[in-house]
Amino acid sequence: MNPDEKRLSDQLGRSIRAVSDYMGLGLQIAASFALFVLLGYWADGKFGTSPLLLLVGVVLGMIGMALVLMNVVRKANKKK
């Protein structure tokens with residue numbers, strides 16, 4: 001393997017790792033939001049409180065998203 005191929009291979013590996021980190025972050029954010037929204041929707045159907053518990057789920061989902069983002073920022077700042 002010549003030096004140019006090795007450099008390209010290293011760059012590709014770093015790019016794939018970076019993309020997978022961001023995709024994982026997006027999945028965590030989407031899952032934390034969706035979980036609370038779906039639980040709120042389900043609870044509204046069960047208890048007949050529509051749309052109160054759905055709105056509570058949306059707020060909790062937003063808080064969950066903020067916590068995930070704060071955790072990522074905290075880890076990024078530690079790496080620097």
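S32 lies in helix 1, where helices (H or I, at least four residues) and strands (E, at least two) are DSSP runs, numbered from the N terminus. The model is predicted: local features need pLDDT of at least 70, side-chain atom pairs count only at pLDDT 80 or more, and totals for chains, interfaces and linings use all residues. Residues are numbered from 1 along each chain as its sequence is written, and side-chain values use heavy atoms, with hydrogens and water left out.

**S32 and its surroundings**

S32 has a relative accessible area of 14%, so it counts as buried. Buried means under 20% relative accessible area, exposed means over 50%, and partly exposed is in between (1.4 Å probe, protein chains only). The side chain of S32 reaches the backbone oxygen of I29 at 3.0 Å. Such a polar contact is a pair of N or O atoms within 3.5 Å; within protein, one must be able to donate a hydrogen and the other to accept it, and residues adjacent in sequence count only if both atoms are side-chain atoms.

With neighbours within four places in sequence left aside, S32 is in contact with G61, G64, M65 and V68. Contact means heavy atoms within 4.5 Å.

**Two partners in helix 2**

G61, one of the residues that S32 contacts, lies in helix 2. The relative accessible area of G61 is 0%, so this residue is buried. Apart from neighbours within four places in sequence, G61 is in contact with S32, F33 and F36.

M65 also has its place in helix 2. At a relative accessible area of 24%, M65 is partly exposed. Beyond its neighbours within four places in sequence, M65 is in contact with I29, S32 and F33.

A18 is placed in helix 1 and counts as partly exposed, at 32% relative accessibility. G24 is placed in helix 1 and is partly exposed too, with a relative accessible area of 30%.

The table gives C-alpha to C-alpha distances for pairs that involve residues named above.

| Pair | Apart in sequence | Apart in space |
|---|---|---|
| A18 and T49 | 31 residues | 43 Å |
| G61 and L38 | 23 residues | 9.7 Å |

**The loop between the helices**

P51 sits in the loop between helix 1 (3-47) and helix 2 (52-79). The peptide bond from S50 to P51 is cis, with omega near -5 degrees. Most residues other than glycine have a negative phi, and most peptide bonds are trans.

**The chain as a whole**

The protein chain has two helices and zero strands. Its radius of gyration is 20 Å, well over the 12 Å that the globule rule gives for 80 residues, so the chain is more spread out than a compact globule. The radius of gyration is taken over C-alpha atoms, and the globule rule is 2.2 Å times the number of residues to the power 0.38. Along the principal axes, the C-alpha atoms of the chain fill a box of roughly 70 × 25 × 10 Å.

Of the 80 residues of the chain, 14% count as buried. Among contacts between residues at least 6 apart in sequence, 53% join residues at least 24 apart. The accessible surface of the chain is about 6,600 Å², and 70% of that belongs to carbon and sulfur atoms. Accessible areas come from the Shrake-Rupley method with a 1.4 Å probe; for residues, only the protein chains shown count as cover.

The chain has 10 positive and 5 negative side chains, with the centres of the two sets 11 Å apart. Lys and Arg count as positive and Asp and Glu as negative, while His and the chain ends are not counted. The place of a charge is taken as NZ of Lys, CZ of Arg, CG of Asp or CD of Glu.
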